[in-house]
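I opened this entry to keep track of what I looked up.

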Number of protein chains: 2
Amino acid sequence: MIDCGEGTQIRMRQMNVKTNRMGHIFISHLHGDHVFGLIGLISSFGMLKRTAELHIHSPKGLEQIMEPQLQFFCDDLPFNVIFHAFDTKKNELIFEDRSVQVFSIPLKHRVPASGFLFEEKPRDRHIKRDMIDFYNIPTWRIPKIKQGEDFVTEDGETIPNERLTASPEKPKRFAYCSDTAYYEKIIPIIADVDLLFHEATFMSDEAVRAKSTMHSTAAQAATIAQKANVGKLIIGHYSARYANKNGLLHEAKAIFENTVLGEDLKIYEF
Amino acid sequence: MIDCGEGTQIRMRQMNVKTNRMGHIFISHLHGDHVFGLIGLISSFGMLKRTAELHIHSPKGLEQIMEPQLQFFCDDLPFNVIFHAFDTKKNELIFEDRSVQVFSIPLKHRVPASGFLFEEKPRDRHIKRDMIDFYNIPTWRIPKIKQGEDFVTEDGETIPNERLTASPEKPKRFAYCSDTAYYEKIIPIIADVDLLFHEATFMSDEAVRAKSTMHSTAAQAATIAQKANVGKLIIGHYSARYANKNGLLHEAKAIFENTVLGEDLKIYEF
């Protein structure tokens with residue numbers, strides 16, 4: 001999960017999100033609208049008898065803020081909460097598992113802030129079941145073949161891997177950049193991602209205010225998307241002044257056509 | 001406001017509650033579902049440029065928990081947050097202004113907990129405009145007449161107050177009791193209130209669990225209402241297991257007919 005503002009657990013329940021397998025939370029920066037939901041979420045996990053460790057990755061300082069609350073309200077948690085502080089000034093690997101890598105993306109905001117780049121690892125090649133049968137390939141050879149190895153038959157004949165397998169899906173890349181002023185240094189880091197979430201707190205008529213509060217306009221978010229050649233842009237983190245978001249969308253689409261509005265409770269597939 | 005769980009400010013916005021005149025928050029006990037919304041609410045008040053003091057009345061310990069968060073997230077609040085700790089073992093006056101008195105109600109829960117009794121002060125009598133005109137009573141005499149004084153005319157004739165005024169509405173009394181096990185000691189304190197909110201976390205088939213977690217069943221809430229001779233009972237604080245609340249209502253109504261279900265976003269007039 002990325003960020004955890006007040007009410008996050010309520011939204012998750014509304015959307016029937018299963019949390020058992022949620023092991024890592026990535027916090028972009030230590031402003032209330034990105035962290036106030038953590039204590040309630042952790043507390044509820046405790047009541048649900050969660051046992052799996054929960055890892056929280058954030059700029060430094062969060063553990064010190066959370067610790068007194070955890071001690072007072074969650075003194076008998078049946079699982080461990082493990083804090084990991086990362087350096088918001090660096091673009092580096094902060095998490096990795098079997099299928100994904102997560103990199104920090106230095107942002108420009110009033111407090112130390114970082115975006116996140118999620119990169120799927122290359123997947124195994126798809127095995128062609130009929131070829132396996134045809135060449136009578138033993139099961140124990142299959143993992144290596146999925147990784148690209150050729151197969152040598154008992155007669156010494158080499159069967160090239162491309163006859164046995166098909167290409168896997170291209171690994172997907174998603175970048176999340178919020179909160180941040182317009183900041184061109186992120187462009188090479190997020191270049192060519194399939195999907196970019198970039199904050200668009202204001203419209204361009206509030207560009208001065210955007211700059212002073214270190215937020216972005218919709219036009220600026222779209223400019224980043226366009227210069228980084230991303231596949232699709234989701235904007236969000238709108239100022240409360242915009243009851244109607246169409247102006248923001250319109251402004252972004254004029255620069256980067258494949259833009260959509262980030263909306264509560266909505267699922268975006270890519 | 002009474003208690004402030006996570007998401008309270010979101011609900012308030014949904015209901016268009018004006019917060020400018022909200023000066024006092026009464027916290028019943030220091031469990032997360034009654035306090036996790038405070039930091040977000042205070043933080044938002046800051047962004048809304050509130051200047052009026054905010055008073056928080058609670059069992060002791062809340063200030064120590066809130067202070068580090070307030071310092072980190074709300075270091076430039078344009079208003080003061082003032083904590084008042086009260087003794088949850090005593091039934092005593094904890095707040096008073098021109099129109100209302102608030103008393104603590106010792107409850108029985110896993111941690112120190114208190115309910116609250118809100119008592120309107122007696123209102124002034126209603127002046128009869130036509131009588132004022134008839135006797136040509138000067139404006140400066142009116143406040144005293146509203147408080148029950150007779151009027152003496154220039155000729156020395158005494159006009160009894162009841163000819164000049166009508167009785168005011170009876171002061172209303174509201175009691176809030178949550179979280180608590182079944183606890184008969186509250187009965188004399190809340191006797192004859194117009195409206196009682198009493199928690200009803202479980203139905204009677206979970207009476208053992210209610211006792212061990214120090215919560216009440218719907219039947220117990222209704223028994224308190226009946227023994228205290230209250231006007232109306234609202235039950236609430238239901239366990240998440242009850243997707244449908246009709247069983248709880250039915251159980252309570254069998255003992256105390258004038259019971260209604262507490263529901264999110266609903267306004268109850270009395």
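I started with Gln101(A) and looked for its bridge partner in β6(A), which is Glu119(A). This is a predicted model, and I read the pairing with that in mind. The strands around that bridge are β5, residues 100-106 of chain A, and β6, residues 114-120 of chain A. They run antiparallel and share seven bridges.

Next I asked which strand β6(A) also pairs with. I found β11 of chain A, residues 173-177, again in the antiparallel sense, over four bridges. Here I noted Leu117(A), which stands opposite Ala175(A) in β11(A).

I then turned to the domains. Chain A has domain 1 at 1-86, domain 2 at 90-111 + 170-262, and domain 3 at 126-166. I looked up the spacing of domain 1 and domain 2 of chain A: their centres are 24 Å apart over C-alpha atoms. Nine residues of domain 1 of chain A and nine residues of domain 2 of chain A make the contact. I sorted the domain 1 side of chain A that touches domain 2 of chain A and got four nonpolar, five polar and no charged residues.

Last, I compared the copies. Chain A superposes on chain B by a rotation of 180° with 0.0 Å of shift along the axis, at an RMSD of 0.1 Å. The two copies are therefore related as by a two-fold rotation axis. Which residue of chain A comes closest to the rotation axis? I found Gly7(A), with its C-alpha at 2.6 Å. Both copies use the same surface, as 100% of the contact residues of chain A recur in chain B.

Note on methods
Residues are numbered from 1 along each chain as its sequence is written. Chains are lettered from A and ligands numbered from 1 in the order in which they are written. This is a predicted model: local features need pLDDT of at least 70, side-chain atom pairs count only at pLDDT 80 or more; totals for chains, interfaces and linings use all residues. Domain bounds come from an automatic or database domain assignment. Two residues are in contact if their C-beta atoms, placed from the backbone, lie within 7 Å. Ala, Val, Leu, Ile, Met, Phe, Trp, Tyr, Cys and Pro count as nonpolar, Asp, Glu, Lys and Arg as charged, and the others, Gly among them, as polar. Two strands pair if DSSP finds at least two bridges between them. Helices (H or I, at least four residues) and strands (E, at least two) are DSSP runs, numbered from the N terminus. Copies are superposed by least squares on the C-alpha atoms of residues with pLDDT of at least 70 in both.
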